[in-house]
Amino acid sequence: MSAAALAQFASPDWQSRPEPILLPSGIPGIQLPRGGLTEIYGPASSGRTSLLVSILAEATARQEICALVDAEDAFDPAFAAQAGVALERLVWVRSAHNAEHALKATDLLIQGGGFGVVALDLGDTPPPTARRISLTSWFRLRRAVEHTPTVLIALALQPNAKTCASLLVECRRETTAWSGNLRGRLLRHIAVRATSTERSKVCLPAFMAQAI
Amino acid sequence: MFACLHGAGNLTALALEFSPTVEQTAADTVALDVSGLDRLFGLPQDIAAAIARRAAETGLSCHIALAANPDAAICAARGFARARLGSSVIPQGDEAKFLAPLPLTLLAPTPELLETLACWGIRRFQDLAALPPLGIAERLGPEGLRLRELARGEATRKLLPIPDPPRFEEEIELEYPIDLLEPLAFLLARLVNGLTTRLATRGLATDELRLRLKLENRGTHQRTLRLPVPSRDAKAFLKLLELDLATHPPAAPIVHVWFGVNPRKPQAAQAGLYVPTAPEPVGLELTLARIKAIVGEDRAGSPRLLDTHRPGAFRMEPPALPVPAIAAAHAPRLALRLFRPPRPARVSLAGGHPGFVAAQSIRGKVIDLAGPWRTSGDWWTADSWSRDEWDIALSDGILYRLYCSPAGWFVEGSYD
């Protein structure tokens with residue numbers, strides 16, 4: 001082997017971790033790393049759930065089996081079906097307002113393997129309760145999902161996983177569009193600004209979630 | 001002693017109730033070996049009466065004939081089915097005399113042979129039985145001799161029994177009652193391993209596990225677990241049974257364990273090179289069983305929408321694997337996060353529309369709204385529903401769905 005080739009191997013990039021395989025989210029500019037934890041957070045009505053449903057629709061459309069652990073029992077399958085989620089490819093776990101059960105179920109699903117996306121929805125869980133999930137638990141989940149083709153998503157009001165998250169996506173509603181006069185008025189869509197932070201790179205994709 | 005049942009219906013099942021050696025002679029004829037039944041029922045007439053009684057109980061109409069050899073019984077059952085209902089018992093040695101009036105067509109000779117015999121004026125059993133065997137052998141050959149033997153009721157042969165379907169069942173009678181799951185797991189492991197080994201030796205798998213426990217209080221505890229695909233993974237079976245018993249424990253100590261499986265051909269499928277990986281079906285079943293043990297029986301699975309416009313109508317089902325063809329993804333849609341149950345609200349109206357809303361953790365002035373959207377359904381049943389829906393933006397910055405039903409005002413969820 002030539003000295004030039006050896007020098008190439010000896011470069012700092014040789015020791016760095018390889019770029020993860022990315023899963024399209026259905027929204028341009030947002031791609032989720034497989035084998036990593038992605039946190040989607042933001043206040044209520046900020047478009048977090050619309051983004052999550054879009055990710056599930058995109059993944060199930062590619063024949064992947066997805067799992068949604070619903071800590072607050074807030075998922076509406078009828079809306080999800082209209083948004084394009086293939087429900088027969090979705091495993092839905094309703095943990096009935098119990099974050100601990102939700103965490104255990106997520107762990108079991110990741111250990112079971114074979115899922116394209118495993119989403120833990122803590123979207124309505126009060127922040128003090130969500131903060132009680134220890135960093136060790138998040139680290140355990142991250143370790144469990146590492147080296148697998150699964151995308152682990154945590155959805156919450158605030159970021160909780162700290163350094164365990166490979167990607168942070170903050171959602172913020174910018175505008176709400178209504179149409180028509182009072183008698184025939186309709187909620188049309190909300191415009192969402194998603195701030196994505198990954199490896200010190202920040203991008204600001206925006207999308208519109210159309211009302212059904 | 002042999003019996004023959006001739007008629008319509010599931011005669012094989014009836015015959016198997018009386019004898020393990022059953023021959024399906026034709027679609028409407030079943031022959032069975034009834035040797036030894038005299039110890040249970042007594043005389044041959046009593047055996048015939050017992051079979052006839054059971055046939056009547058099961059709603060079958062058939063003619064029953066008993067004879068010393070199967071062919072005589074078959075000829076009698078077929079020949080006397082029209083003449084007399086009930087049963088015919090042929091005493092041993094009187095077969096030729098008993099069968100004498102029957103037509104030769106019952107023996108199903110070849111058309112050429114039947115024509116030859118008809119030319120000779122031989123139309124009944126008694127005519128053929130009276131002919132000398134040497135002359136028949138010279139003129140009609142071995143087939144003629146066979147027909148003569150049948151006509152005289154002298155043909156002897158063994159029945160060709162229906163192969164007994166392999167039964168994959170095991171049971172253990174316990175010496176003392178078991179009231180803990182741990183010792184029961186040891187017994188189950190023995191049964192499960194034995195049955196999966198038997199399945200493997202025959203190249204089979206199973207898609208259904210059946211467990212029946214007899215309890216000390218004379219009750220029975222039965223569980224049936226269905227698998228998405230046939231498998232013979234003993235460890236997974238055992239874990240599924242353990243989890244199921246932990247979720248549905250027996251009401252009393254166990255005195256008898258019975259375990260059976262449903263044999264099926266194993267599923268052989270090769271995944272496509274570019275098809276995304278999916279959870280292994282039995283593994284997913286096991287994972288779901290573990291999750292159900294944590295969150296509750298009907299709180300994990302795949303949602304299936306019901307064929308109704310009623311809001312929130314769905315049921316949980318086991319995930320369907322392998323999954324159907326590809327579906328197209330949509331543009332992002334505004335999702336609704338439901339409050340289960342909906343939160344009762346106090347609403348102040350302004351100009352006929354909601355002006356202020358207060359509910360659990362929700363309080364604010366209505367900034368913007370759309371509605372009302374009136375929906376109703378099932379008015380033809382006792383469980384009818386109707387509601388007026390509004391999409392509202394509250395002063396707290398959150399978009400909600402609000403509805404008014406005969407039961408009052410409720411906040412159904414928030415758009416997110």
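**View 1. Chain B as a whole, in a predicted model.** Chain B exposes about 22200 Å², of which carbon and sulfur atoms supply 53%, the areas being computed by the Shrake-Rupley method with a 1.4 Å probe and, for residues, with only the protein chains shown counting as cover. The model is predicted, so that local features need pLDDT of at least 70 and side-chain atom pairs count only at pLDDT 80 or more, whereas totals for chains, interfaces and linings use all residues; side-chain values use heavy atoms, with hydrogens and water left out. Residues are numbered from 1 along each chain as its sequence is written, and chains are lettered from A in the order in which they are written. Chain B contains 11 helices and 17 strands, where helices (H or I, at least four residues) and strands (E, at least two) are DSSP runs numbered from the N terminus. Its radius of gyration is 36 Å, well over the 22 Å that the globule rule gives for 416 residues, so chain B is more spread out than a compact globule; the radius is taken over C-alpha atoms, and the rule is 2.2 Å times the number of residues to the power 0.38. Along the principal axes, the C-alpha atoms of chain B fill a box of roughly 115 × 55 × 50 Å. Of the 416 residues, 46% count as buried, a term that means under 20% relative accessible area, with exposed meaning over 50% and partly exposed lying in between (1.4 Å probe, protein chains only).

**View 2. Chain A as a whole.** The secondary structure of chain A comprises seven helices and 11 strands, and 54% of its 212 residues count as buried. Its accessible surface comes to about 9000 Å², with 55% belonging to carbon and sulfur atoms.

**View 3. Helix α3 of chain B and its cover.** Helix α3(B), residues 44-57, has 14 residues and reaches 20 Å from its first C-alpha to its last, close to the 20 Å expected at 1.5 Å a residue, the expected span being 1.5 Å times one less than the number of residues. Ile47(B), Ala48(B), Ala50(B), Ile51(B) and Ala55(B) are buried in this helix. Seen down the axis of α3(B), the buried residues fall within an arc of 160°, so they line one face of the helix; the arc is that of the directions from the helix axis to the C-beta atoms. The cover over these buried residues includes β1 (2-8), α1 (11-16), α2 (38-41), β4 (61-67) and β5 (87-89) of chain B. On the other side of α3(B), Arg53(B), Ala56(B) and Glu57(B) are exposed, and just after the helix Gly59(B) takes a positive phi of about 80°.

**View 4. Asp388(B) in strand β15.** Asp388(B) lies in strand β15 (residues 385-394) of chain B and counts as buried at 15% relative accessibility. Its side chain makes a polar contact with the side chain of Arg374(B) at 2.8 Å, a polar contact being a pair of N or O atoms within 3.5 Å in which, within protein, one must be able to donate a hydrogen and the other to accept it, while residues adjacent in sequence count only if both atoms are side-chain atoms. Not counting residues up to four places away in sequence, Asp388(B) touches Pro372(B), Trp373(B), Arg374(B), Leu402(B), Tyr403(B) and Cys404(B), where contact means heavy atoms within 4.5 Å.

**View 5. Pro276(B) and residues of chain A.** Pro276(B) lies in the loop between β9 (254-264) and α11 (281-295) of chain B and is partly exposed, with a relative accessible area of 23%. Leaving aside neighbours within four places in sequence, Pro276(B) is in contact with Arg62(A), Gln63(A) and Glu64(A).
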